[in-house]
Amino acid sequence: EWVADMLDEKGIPYIGPNAQTMKELIQKYETHRIMREHGVLVPDFKLVAAGDALPEVAYPAFVKPNCESRSIGISDDSVVHNREELARRVRYVHEQLEQAALIEEFLPGDEYTVLMLGNGRLQEILPGLVTVDKTHFGKHRILRSDLRGVGLTKISIPAQQERAEEARELTRKATEALKCWDHVRVDIRVDAQGRLRVMEVNGIPGLKPVKSWSPQIYSLYHPLPGGPAEEYRSMLHLIVHSALERHGLV
């Protein structure tokens with residue numbers, strides 16, 4: 001049982017998605033399934049539990065753990081080009097990370113992370129372009145776990161307005177389908193045909209001042225005279241005030 005389950009049972013209001021949504025978000029297969037059923041573009045995907053037969057997939061494919069975050073279990077070896085590599089990587093996820101493996105269509109293009117703050121009239125959807133100097137990549141342009149949180153990953157406002165609007169609309173559809181509230185972040189990548197597809201929805205994004213992506217994105221769109229500290233307080237005020245309004249407490 002989750003803390004959110006107990007809060008829901010007692011009718012105690014809290015900030016963020018409810019317990020059912022959080023349980024769906026932590027399982028990437030469930031997240032993909034729900035979004036696809038609601039017409040949200042996601043990569044093609046298949047779940048392989050321990051003991052399951054390997055499915056037929058198109059190559060290159062991408063193999064990742066079904067229930068992790070922050071790129072845990074992601075490396076150049078996650079991109080597989082044939083059945084032998086697929087079997088090896090699925091076995092790695094089963095044995096080393098002790099969970100089911102999610103096999104996805106490989107998305108080779110640019111990566112975006114989109115911040116969703118607030119609800120209804122207060123909602124803001126703020127797209128960010130994720131970039132890493134190409135010298136830090138290995139064989140593939142993927143965001144490995146060792147590239148996170150060390151200052152190598154940069155977030156900027158997308159220069160292509162049409163792409164930014166596409167990311168906003170995709171995020172709106174994804175968060176509505178998953179019943180996300182108050183503060184979530186959606187990771188999106190461009191597929192081989194140039195279309196945006198949702199990779200993951202983070203129901204509890206980091207909130208470290210300056211360091212986490214949420215305050216970084218908010219500051220890009222809302223620069224204030226007091227700098228990052230004032231911008232951070234402004235973002236938190238939006239999250240809390242919108243949640244209070246959603247609960248009917250304002």
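The legends below describe several close-up views of a predicted model.

**View 1. Strand β2 and its two neighbouring strands.** Strand β2 covers residues 61-65, and because five of its five residues are buried, this strand is largely enclosed by the rest of the structure. A61, V63 and P65 point one way from β2, while F62 and K64 point the other way, and the residues on both sides are buried. With strand β3, which covers residues 79-80, β2 runs antiparallel and is joined by two bridges; within this pairing, F62 of β2 has V79 as its bridge partner in β3. Strand β4, residues 101-105, also pairs with β2 in the antiparallel sense, here over five bridges, and in this pairing K64 stands opposite L102 of β4.

**View 2. The salt bridge between K64 and E104.** The side chains of K64 and E104 meet in a salt bridge, with a distance of 3.0 Å from N to O. Side chains of opposite charge can pair when their charged atoms come close.

**View 3. The salt bridges of D191.** Which residues meet D191 in salt bridges in this view? One is R195, whose side chain meets that of D191 at 3.0 Å, N to O, and another is R197, whose side chain meets that of D191 at 2.7 Å, N to O. D191 is buried, with a relative accessible area of 3%, and R197 counts as buried at 9% relative accessibility, whereas R195 is partly exposed, with a relative accessible area of 36%. In the whole model the count of salt bridges comes to 16.

View 4. Helix α2 covers residues 19-26 and includes T21. The N-terminal end of this helix is capped by N18, which has a side-chain oxygen 3.3 Å from the backbone nitrogen of Q20. The buried residues of α2 are A19, T21, M22, E24 and L25, and these buried residues pack against helices α1 (3-10), α3 (28-37) and α5 (161-178), as well as against strand β9 (196-202).

View 5. When residues up to four places away in sequence are not counted, T21 touches L178, K179 and C180.

**View 6. Y29 and the residues it contacts.** Y29 lies in helix α3 and is partly exposed, with a relative accessible area of 27%. Leaving aside neighbours within four places in sequence, Y29 is in contact with F45, L47, N66 and L102. Of these contacts, L47 is 18 residues from Y29 in sequence, and the two residues are 6.7 Å apart in space, C-alpha to C-alpha. L102, which is also in contact with Y29, is the residue of β4 that stands opposite K64.

**View 7. The second largest pocket.** Rolling a probe the size of a water molecule over the atoms shows where empty space is left. The second largest pocket has a volume of about 240 Å³ and is lined by 16 residues, of which D44, A58, P60, E104 and E105 lie nearest its centre. The elements that give two or more residues to this lining are strands β1 (45-48) and β4, and β4 gives the most, with three residues. E104, named here among the residues nearest the centre of the pocket, is also the salt-bridge partner of K64.

Definitions and conventions
Residues are numbered from 1 along each chain as its sequence is written. This is a predicted model: local features need pLDDT of at least 70, side-chain atom pairs count only at pLDDT 80 or more; totals for chains, interfaces and linings use all residues. Side-chain values use heavy atoms; hydrogens and water are left out. Helices (H or I, at least four residues) and strands (E, at least two) are DSSP runs, numbered from the N terminus. Contact means heavy atoms within 4.5 Å. Buried means under 20% relative accessible area, exposed over 50%, partly exposed in between (1.4 Å probe, protein chains only). Two strands pair if DSSP finds at least two bridges between them. A polar contact is a pair of N or O atoms within 3.5 Å; within protein, one must be able to donate a hydrogen and the other to accept it, and residues adjacent in sequence count only if both atoms are side-chain atoms. A salt bridge is a side-chain nitrogen of Lys or Arg within 4 Å of a carboxyl oxygen of Asp or Glu. On a 1 Å grid over the protein atoms alone, a cavity is a set of points where a 1.4 Å probe fits but cannot get out, and a pocket is an open set with protein on both sides within 12 Å along at least five of seven lines; lining residues have an atom within 4 Å of a point. Grid points are joined across faces, edges and corners, and a volume is the space filled by probe spheres set on the points.
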